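Let's take a walk through this model together, strand by strand. Have a look at it first, and then we'll start with one facing pair.

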Amino acid sequence: MTEYVRWLRDLRMDDVPIVGGKNASLGEMIHHLAEVGVRVPGGFATTADAYREFLAKDGLDERIQALLDDLDVEDVAKLAQVGPRIRGWIMDQPFPADLEAGIHDYYQQLVAEAGSEVSWAVRSSATAEDLPDASFAGQQETFLNVKGLDDIKHRIKEVFASLFNDRAISYRVHQGFEHRHVALSAGIQRMVRSDLAASGVMFTLDTESGFRDAVFITSSYGLGEMVVQGAVNPDEFYVHKPTLAAGRPAVLRRNVGGKALRMVYAEPGGAQKVLTEEVPEADRTRFSITDAEIMELAKQAVLIENHYGRPMDIEWAKDGLDGLLYVVQARPETVQSRSGNVLERYHLRAKGPILATGRSIGHRIGAGPARVVHGTHDMDKVQPGDVLITDMTDPDWEPIMKRAAAIVTNRGGRTCHAAIIARELGVPAVVGCVDATEKVSEGQPVTVSCAEGDTGFIYEGALPFEHKIIEMSHMPDIPVKIMMNVGNPDRAFAFAATPNAGVGLARLEFIINNMIGIHPKALLEFDQLPADLKARIAPRIAAYPSPREFFVTKLAEGIATLGAAFAPHTVIVRMSDFKSNEYANLIAGTRYEPEEENPMIGFRGAGRYVAESFKDCFEMECEALKRVRNDMGLTNIEIMVPFVRTLKQAKAVVEALAAQGLERGKDGLRLIMMCEIPSNAVLAEEFLEFFDGFSIGSNDMTQLTLGLDRDSALVAEHFDERDPAVLKMLSMAITACRKQGKYVGICGQGPSDHPDLADWLLNQGITSISLNPDTVIDTWLYLDEKANQAK
């Protein structure tokens, strides 16, 4: 006997041919994961047989196929005629009697179980959908706040018709799916009242790099369609899976999104079931969910991933009535999970004026003439190689998105439609720019760069860039550890995919400059600031309990991201080494910084930490480091102290760290000294009494040994780390460390620029060489070649 309707709770993944991937997955989770805490709302689904019988009635399927056989999907205008015609036929088709009866009976039982006040979501689930190598990215329709049997039946027909949306027809052709081999199931599921709370999407890996040890969560107010469609810029969170499993605080990153709009229920009785409204300003500047909820969502995501045995793309919703978190959809992640053992690196060789910025999708760069498209009516003007600039995209745009050299939208976050499709197409995209359609002119040559971290840039002009493809074969063994210099936490997950032995230099300056941007003293004295400075600072810190907490939390997030990305390898974090002129460039910086003739050798490094005027700022840095090591348990973080001029300073700074709870040797904490001043090399053995090793800073060591200003173009030609005097200093430091059996590495620019210097260091017996990420592979292979030649 043909089954037309099935309970979700009775479905398993084996039922994909019967009810499609989405509904089968819901049933699988209800059956297997409910008992371990994954909440999935119940309901029922129509079957693929029901759909086929519906289409077979009166030969509708044959009429549809005849139209599609004559269609060239590259002809966008023709496609726009055929799609609506087919959908009209479907809406006019009556249900077979047995299907109508089945929907009626199951609905009545649902109402009896749930109560008459409940509303429903009617969602599509295609039988070819959510297969491991395909992403249908919302191509079929979802209907929310559906009430009553008649409305449900009407929406089921609309779901059936949505299999012939223009974008769905086009996608099937490009993915090689036969139209007649794809069937549709309609899922009827109890609504989660996220219109009264929040909802979003989460992935069990980093969507940009494929990093597997993180859960990436987006969240915004109201019903989840706004996030999926890309109509809002949501909050974003990263959670570290191993830290979560250890039962420790595991939120690595938090970014406040704009959240300007939310979708809520419309007034009862009207034709409109949902509506979009503006979010109050006060709610936009705070996070839409709590840390406890972020952690609970991540736990549910990991349970789902472990059950399916692969990375997953999950939609979630918080019910504003019962306060609980629910999973409303789960499907395989389809882009990063296909990535092979190849590294792609893009590098911008020049920069121009910045026209707009947003969230970068992927790590690529694209350039071409800008096509500012205000709606589907003029999207035909986008030609191959153009840069598409628009407010937002939906699946109707897909036929032209694949032509674009890059995609830029005003709205959307990393899980919006434009982001999903851009990843699948391998096209760079920058989403959530707010005003790109105003700032970029039609036909203007532009370059879209996603190769600089979380922030994507739209530059004026067609700028030159490099593109390297690196085969990630097994790297040869060499007698030195190759580490990386990484300052930007945004790039940490991507850089961690490069073969490495950890991070030899993680600069706090990048985190303070880019993630905080405010002088630490100004945050400690926020109440005493003039009104104009308060007005500049207030929006940045609004989501945090206090200005001080903003600084400590953001700094801890940056450090934790670096530590998690490279765990279990060592990450050596250098405490802040801003010079006074650099601190002055931060918001309110000029209020607190002296004007020095030569900041390069002025108030910086360890001298600041032990100065009474900087003590409270130093304490905040220490607190951030303690949170990462002690609370989160990322003890692969080690501390490096820069610019230690004297033995007296060395003793004072080690004591100051211990007083703040960062005691050398406790919980395995190593303190490394930046060896970058001639006095450090001359008195190397004495300095090592206070530290567990040296990290050589070749830049400062070179300028101070040779007595030249490395910022001056007049003497730049004499700056060479390979000068015999500099090599003598390096040799003294390395010898002292080897004599005492302590760590010695180098993290200056020299080995990245000069592979022969790296070879000299290897022969001196250095423990590690820390390189810029783009030089790691080449230098590694160069050192292996030199080692083989020496045999």
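Tryptophan 120 sits opposite valine 146 in β4. Strands here are DSSP runs of E, at least two residues long, and helices are runs of H or I, at least four long, each numbered from the N terminus. Tryptophan 120 belongs to β3 (residues 120–126), which runs antiparallel to β4 and is joined to it by three bridges; two strands count as paired if DSSP finds at least two bridges between them. Bear in mind that this is a predicted model, where local features need pLDDT of at least 70, side-chain atom pairs count only at pLDDT 80 or more, and totals for chains, interfaces and linings use all residues. Residues are numbered from 1 along each chain as its sequence is written, and side-chain values use heavy atoms, with hydrogens and water left out.

Zoom out, and β3 and β4 turn up in an open, antiparallel sheet of five strands, ordered β1-β2-β5-β3-β4. At its edges are β1 (5–7) and β4 (142–146), each pairing on one side only. Helix α6 (residues 149–161) packs on this sheet and touches β2, β3, β4 and β5, where contact means heavy atoms within 4.5 Å.

Now for the other sheet. Six strands make an open, antiparallel sheet in the order β9-β8-β7-β6-β12-β13. Because β9 (251–255) and β13 (325–332) stand at the edges with a single partner strand each, one side of each has no neighbour in the sheet. Further in, β6 (residues 198–203) and β12 (residues 312–318) pair antiparallel over five bridges, with glycine 200 bridging to tryptophan 316 in β12.

Conventions
Axes are lines fitted to C-alpha atoms, for helices over the stretch in contact, and angles run from 0 to 180 degrees between N-to-C directions.
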